[in-house]
Amino acid sequence: MTILCVRFQLPPMYEAALPGLLGLLEEFTPVVEALPPDTALADLRGAERYFGRTAVELASVIRVRALALHGVDCAIGAGPGPLLARMALRDARPGLTRAVPGDPDGIAEFLAGRPVAALPGVGPATARTLDEYGLDTLGRVAAAPLSTLQRLIGAKAGRDLHEKANGIDRGRVVPNGISRSLVTERPFERDELDPDRHRRALLSAAEEIGTRLRAVEKVCRTLTLTVRYADRSATTRSRTLTEPTAHSADLTKTAYGLYEALGLQRARVRALALRAEGLAPADRAAHQLTFDPVDEKVRRIEEVADRARAKFGPRAVIPGSLAA
């Protein structure tokens with residue numbers, strides 16, 4: 001077992017703590033991949049040899065340090081590959097490491113009785129198709145002929161499913177994933193029902209995201225909204241932008257669209273978070289030219305506001321609706 005999948009038990013809307021927790025994992029291995037909002041993969045192949053400990057033993061050390069330094073407990077899954085580690089995490093609980101054996105028989109036993117839908121990458125439609133033919137568990141899928149799976153769900157998807165059901169994990173941990181996203185959070189002092197306050201929080205979050213993107217000369221391709229409720233449940237929605245941007249007005253419009261699409265009716269919202277994903281250098285992004293003088297004026301004002309914030313602080317220039 002060389003791969004850990006760690007889910008940090010972060011307080012509601014404390015996603016911004018993830019980079020610091022990733023730094024804790026990087027004390028053991030440089031091969032760490034962020035899976036926002038609260039999870040990460042860590043490849044411990046080199047760490048096992050360096051520290052002379054197994055991945056499960058190192059997981060215990062990671063848990064103790066997370067509690068001592070950050071006050072955060074974590075659930076950990078361990079396995080010979082990223083896929084199995086992520087599946088093992090589903091059986092883990094805070095304070096517990098769930099490990100998948102590294103031998104073929106142990107892997108087969110771990111997978112055999114699990115439903116097909118438990119396999120990452122298998123959606124509801126594929127699961128229904130397989131269920132109709134009696135292939136409702138990974139054990140049955142593993143025993144089915146490859147040609148049968150390919151006829152049911154396609155050549156490439158069938159081969160991929162057959163390999164995963166037999167414990168063949170070709171995935172790898174891709175380091176520095178956190179650099180491809182920026183997140184900002186807006187918790188409320190009490191559970192908030194007022195849609196106007198929700199929108200002001202989104203406006204504030206979108207303004208911050210835009211300012212941070214422009215400061216590092218990046219644009220984002222996707223915006224993700226997470227809404228957490230009083231019962232600790234959450235809803236997450238993502239939208240790909242028409243063109244990559246760091247323009248606060250475009251980010252705000254997209255954030256409002258995501259919020260309105262949820263159709264919340266007197267929902268008791270505890271917090272909101274926006275995450276900009278798919279970051280890329282701003283100088284490589286295409287921008288659709290426009291003859292709209294208002295848009296150009298807003299962008300020039302945005303540049304001046306950024307310079308004022310850099311000199312006098314983040315609240316030197318803010319939207320009028322947030323001034324109160």
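Colleague: Where is Thr245 found in this model?

Modeller: Thr245 is found in strand β8, which covers residues 234-245. Helices here are DSSP runs of H or I with at least four residues, strands are runs of E with at least two, and both are numbered from the N terminus. Please keep in mind that this is a predicted model, in which local features need pLDDT of at least 70 and side-chain atom pairs count only at pLDDT 80 or more, while totals for chains, interfaces and linings use all residues. Residues are numbered from 1 along each chain as its sequence is written, and side-chain values use heavy atoms, with hydrogens and water left out.

Colleague: Why is Thr245 called buried?

Modeller: Buried means under 20% relative accessible area, exposed means over 50%, and partly exposed is in between (1.4 Å probe, protein chains only). Thr245 has 5% relative accessibility, so it counts as buried.

Colleague: Which residues is Thr245 in contact with, leaving aside its neighbours within four places in sequence?

Modeller: Thr245 is in contact (heavy atoms within 4.5 Å) with Leu213, Val219, Cys220, Asp250 and Leu251.

Colleague: On to the helix. How does the reach of α3 compare with what is expected?

Modeller: Helix α3 has 16 residues, 55-70, and reaches 21 Å from its first C-alpha to its last. The expected span is 1.5 Å times one less than the number of residues. That expectation is 22 Å for α3, and the model comes close to it.

Colleague: What puts the buried residues of α3 on one side or on several?

Modeller: The buried residues are Ala55, Leu58, Ala59, Ile62, Arg63 and Ala66. They cover an arc of only 150 degrees around the axis, so they sit on the same side of α3. The arc is that of the directions from the helix axis to the C-beta atoms. On the face turned away from that buried side are the exposed residues Val64 and Ala68.

Colleague: What covers the buried residues of α3?

Modeller: The cover includes β1 (3-8), α1 (18-26), α2 (45-51), β4 (74-79) and β5 (97-99). After α3 comes Gly71, with a positive phi near 65 degrees.

Colleague: Where does a positive phi occur in a residue other than glycine?

Modeller: Arg266 is such a residue, with phi near 50 degrees. Arg266 is placed in the loop between α11 and β9, and it counts as exposed because its relative accessibility is 68%.

Colleague: How many disulfides does the rule give?

Modeller: The count comes to zero. A disulfide is a covalent bond between the sulfur atoms of two cysteines. The rule asks for a pair of cysteine sulfur atoms within 2.5 Å.

Colleague: What makes Arg45 and Asp43 a salt bridge?

Modeller: A salt bridge needs a side-chain nitrogen of Lys or Arg within 4 Å of a carboxyl oxygen of Asp or Glu. The closest N and O atoms of Arg45 and Asp43 are 2.5 Å apart, and the two residues form a salt bridge. Arg45 is partly exposed because its relative accessibility is 48%, whereas Asp43 is buried because its value is 8%. By this rule the model has 15 salt bridges.

Colleague: Which side chain does Arg268 meet in a salt bridge?

Modeller: Arg268 meets Asp191, at 3.1 Å from N to O. This pair links distant parts of the chain, 77 residues apart: Arg268 is in the loop between α11 (248-262) and β9 (269-277), and Asp191 is in strand β6 (residues 181-192). Arg268 is partly exposed because its relative accessible area is 47%, and Asp191 is partly exposed because its area is 21%. Elsewhere, salt bridges that share partners join Asp91, Arg98 and Arg114 into one network.
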